[in-house]
Amino acid sequence: MPFGYHGSYLRIDVSSGTAKYVPLAEAVLRQFIGGSGLGVKLLLDEGAAILDPLAPEAPLVFAFSPLVGSPLTTSAKFAVVSKSPLTERINDSLASSGFAIAGKGCGCDAIVVVGRATELSVLVIDGPNVRLESAKEYRGATCWETETGLKARLGAGYRVASIGPGGEHLVRYATISHDGRHAGRGGSGAVLGAKNIKAIALRGTQRAEWAHPAELTAISKSLSRRSFGPATAKYRELGTATNLLTFNRFGALPTRNFQSGSFDEAASLSPEQLSTTRSKTRESCVSCTIGCEHIYSLGNSGVRIEYESLFALGSLCGVSDSDAVLRASQRCDELGLDTISTGGTIAFAMECVERGWLDEPWLTFGSGQALLRAIDLIGSRQGIGDLLAEGSRRAAHNIGRNSIAFAPQVKGLEIPGYEPRALQTMALGFAVGARGADHNRSGAYEADFSEKVDRRHVTLDAVRHAIDTEDKAALMDSLIICKFLRGVFDDFHAEAAEILRSVTGWDVSADELRETAKRIVAAKRQFNLLAGWTLEEDTLPDRFLNTPLPNDPEASLSREMLGALVAEYHRQRGW
Amino acid sequence: MIFVHPRARDRDSAFPTIMLPFIWACLIMRVEFLGVPRQRAGIAELEVHAGTLGELLQRLGAQMPPLGEFIVANRLHSTFVANLNGDQFISDPETPLVDDDCVIILSADAGG
């Protein structure tokens, strides 16, 4: 067994209530590391690509990593990997905190769940012992109610990941929540809900040995020290929400379902303004020294605010009432809904209403009340919520009238808060993303906000930047290290190799990790090919092609240019 | 002492636009701060005169010590970037600036 690993995964069939440890070859671990990489490999081995993601036999993987449990800052993370019920393609979403440490403490490097329980259940994993308990009393409970209730019921040491009503109702973009954070994108909560599993509660204390503890400790101290420095100041001092005014200034803030790149009332939602009228506290994940979570007061409670939630539930829906946007974000967290897909789908519906294509006259841009009503309807799949729970792509196919042209999605995944016409390297990153339009699997926007490209007039030179950031993300998501640390590394691949070497003892080099990243990206593509992917999927909705942003005529991306970028991307990938 | 410039646009009441007094009579350009640079500067924007990016950064660093920590040898620390007129990102201290230019200073890690 290699250092840093337990050398097996725990495969649980909740139909039969059986569990077994399955060995993992060292070669596989070295090739895919952990997290997203290991999860994709296990899904391929399970034959998941050709399965209905909501079928009992469809596997759901919780993958840990060799760094989990180590003193390295931000290493308490896990990946949830499955075929997405929203996109029918690969989906890997990450979350943080004690669940990762307790899960690895169960003596495994991943947990694979298949089957369907006969009633709504809690999957309890107590070290090597696995059992199902009834979760009937938690039907309809919020994520937080479920987690706190189960921790009280099961006792000390348990860590709980749960779904909310959204997952129970198989909303295709339902999340899995842990400790207030969410494995958010692509509908892993619906996959767990389809298995009749309301929550997974686990505890374990087994530790994987490290190859070079003294070296690892020294690296950890260095990394922690650097994590307090200027490279993470943005996350520590303002959080991702500070992107709002920045993106607005550059005409890149998606507004009213991507009909504009700027929002006149953006300042009212900015953290700079919110801080003047609300109290704020800061929190961090377990094992994290950055502390990026900024929690703003809302009545007697607090709401964790991120840029993506502010944009999706604010400017994208034309809502400037900060109370409404914060409450909407909080409600999504309670129901277990991805805020980006929720906001994107609602904004799409608002435009359909505006065009007279959807007979829901209350659902108008700018109405905070309508936003909150729509979220509740989605979470319960009532009324129009049943259609919107399917996501914007399926809703567009249902509505017809070529509304798919402005459904804000790629491969079915709603587009994050980066206007593609104003950030054209990111446009490519969105188009080719294995799990759809995604800012966590492609950091191509980094090139757009640099001297490397002209963000509104990109050339084929942008392709290598998109590939570089996609590869880097695949590696970070497999190691797993938080991307908010990316600025502290002078030479990420060399330092990552040093970290992995100290944990595993492998004589791993920076070049090997570069190859590993490409292997993981290729594995995701292989999954998608098996699932039915075609080249036509690597594009953007018509709205973004050939039509400039209304207030910025230079922000225009032709269909031909995007096609050339995508073709060059595939050529450089060797696909 | 800080003067509020008569042409200032009050975009953000939390961070007013100001003008450094020594440039009152000069031809001017605008500097906008976003994100952490705005926190450090304590203002949203100001107006200043400089012939190059390096000169501009030197003046900002001298007038605003909290920001000056992020300006080394007329260059921004790698965690900040500068943009000219919302178009191109710039870093060369010799980059010429002209009247009515707008230099935006923001965190390098936009996005996230």
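This is a predicted model: local features need pLDDT of at least 70, side-chain atom pairs count only at pLDDT 80 or more; totals for chains, interfaces and linings use all residues.
Start by selecting A:His397 and A:Asn398: these exposed residues sit on the face of α16(A) turned away from its buried side. Residues are numbered from 1 along each chain as its sequence is written, and chains are lettered from A and ligands numbered from 1 in the order in which they are written.

Now show the whole of helix α16, residues 392–399 of chain A, and pick out its buried residues: A:Ser392, A:Arg393, A:Ala395 and A:Ala396. They are on the same side of α16(A) because they cover an arc of only 160 degrees around the axis, taken from the directions from the helix axis to the C-beta atoms. Helices (H or I, at least four residues) and strands (E, at least two) are DSSP runs, numbered from the N terminus.

What covers those buried residues? Among the elements to select are α13 (339–354), α15 (384–388), β16 (409–410) and β17 (413–414) of chain A. Just after α16(A), stop at A:Gly400, whose phi is positive, about 75 degrees.

Next, bring in chain B. Here 28 residues of chain A are in contact with 24 of chain B, contact meaning C-beta atoms, placed from the backbone, within 7 Å. On chain A's side, α8 (233–237), α9 (243–249), α10 (271–277) and α18 (445–448) each supply at least two residues.

Finally, color chain B by secondary structure to find 3 helices and 8 strands.

Key:
A residue is buried if 20 or more other C-beta atoms lie within 10 Å of its own, exposed if 12 or fewer, and partly exposed in between; C-beta atoms are placed from the backbone. Two residues are in contact if their C-beta atoms, placed from the backbone, lie within 7 Å.
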